[in-house]
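Dear colleague,

I am handing over the structure below for your records.

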Amino acid sequence: MPRLAFLLLLPVLALVLASCDAGDGGPDDEVGRVAPAAAATFTFAQETISPTPARTRTPEPSPSATPTAAPTPEPTPSPSPTVVVTRIATAAPTPRPVETARGGALIVGDAVLVRSAPSTKDGEVVARLGHLQEVQILGAVKGERWVVGDQTWPMAYQSWTDTWYRIEGGYVYSAFVFIPRAGEGNAFARTGTRRIDVDVSSQTLRAYMGDQVVYTAGVTTGKAGYETPPGRYTVGAWGRVSNETMTSGQAAINDPAEEYHVKNVLYTQYFTGAGDALHLNYWQPDSVFGGARSSHGCVGLLIHDAQWMWLFAAGGVRLDIR
């Protein structure tokens, strides 16, 4: 072969030899091509919810290799309420007559304890009662002031706070017993559009069924500097908390003179993300309800009114504050 022809064939021979050496028939090769690297594997760290006023739940991926095409997880938006509460899902009660037999009452709350004595310290648990279970009241006695417990800060006395009702088999704390009053509206009625109106100027709450007022209660709303925000809201559809501890820190109140830490706040129904709610207020004197503004923005209620509103607003109703 002429020398010139041989030199021209050298590049062709080199390409043939390269293609022959590209693969050895192993599991990672296919027709002379190197298989692509395995996709990156993601492991997600255990999610922890921090009890801060604004909670953001963002899963952080921990890749075992540098990802090339895997999408970045989107952070979950923070929930609208800025207060830290324990949410308890409460189903709307089945409509039923509010009239009970003479001496009859309804239990409000799940797994309400019946004790052998009017005290959580001295009375043994003898039974548990369910929500809206009917009981017969045999009498009333004074016992442990459970709602106050070991709290020592100054507060007014409300007569029901140390009352226990005697029923068959034992005693039930009064905060969990709803006794319908003669002539009052039926909290379970659903014969028209329900709504609640709070008049700040008169410190009065009115519940409506259609155009008819079916319940009226005196309230205590936000004092100067902490006014209850006027507007139209929905209450009873979210943020229903049967029992919680409220603190000034949760409400973003930093003034030491306005600091508070209150246990056993019952029948709370939030209507703003800033922490404004309808709820039981057991630490103010009876005279402020319907007469004075004393709260940090919430609408405070006496025990029977708080229970009635808990039953009436279940499932969500319109709330107007003006």
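**Findings**

In the hairpin of β10 and β11, which has two residues between the strands, glycine 169 takes a positive phi near 100°. Please note that the model is predicted.

Strand β10 covers residues 163-167, and four of its five residues are buried. Strand β9 (residues 139-142) runs antiparallel to β10 and is joined to β10 by four bridges. On the other pairing, four bridges link β10 with strand β11 (residues 170-173), again antiparallel. Tryptophan 164 of β10 takes part in both pairings: valine 141 stands opposite tryptophan 164, and in β11 the bridge partner of tryptophan 164 is tyrosine 173.

Helix α2 (residues 303-312) is mostly covered, with 10 of its 10 residues buried. Among them are Trp308, Met309 and Trp310.

The largest pocket holds about 600 Å³ of space. Its lining comprises 30 residues, and Ile253, Tyr260, Ser295, His296 and Gly297 lie nearest its centre. Strand β18 gives the most to this lining, with four residues. By class, the lining of the largest pocket has 14 nonpolar, 11 polar and five charged residues.

The second largest pocket contains about 410 Å³ of space. Of the 21 residues that line the second largest pocket, Gly109, Asp110, Ala111, Val112 and Phe176 lie nearest its centre. The elements that give two or more residues to this lining are β6 (112-115), β11, β17 and β18, and β6 has the largest share, three residues. The lining of the second largest pocket divides into 13 nonpolar, six polar and two charged residues.

Yours sincerely

Technical notes. Residues numbered from 1 in each chain as written. Predicted model: local features only at pLDDT ≥ 70, side-chain atom pairs only at ≥ 80, totals over all residues. Heavy atoms only, no water. Buried < 20%, exposed > 50% of the residue type's maximum accessible area, 1.4 Å probe, protein only. Pairing = 2+ DSSP bridges. 1 Å grid on protein atoms, 1.4 Å probe; cavity = no way out; pocket = protein on both sides within 12 Å on 5 of 7 lines; lining within 4 Å. Points joined across faces, edges and corners; volume = space filled by probe spheres on them. Nonpolar A, V, L, I, M, F, W, Y, C, P; charged D, E, K, R; others polar.
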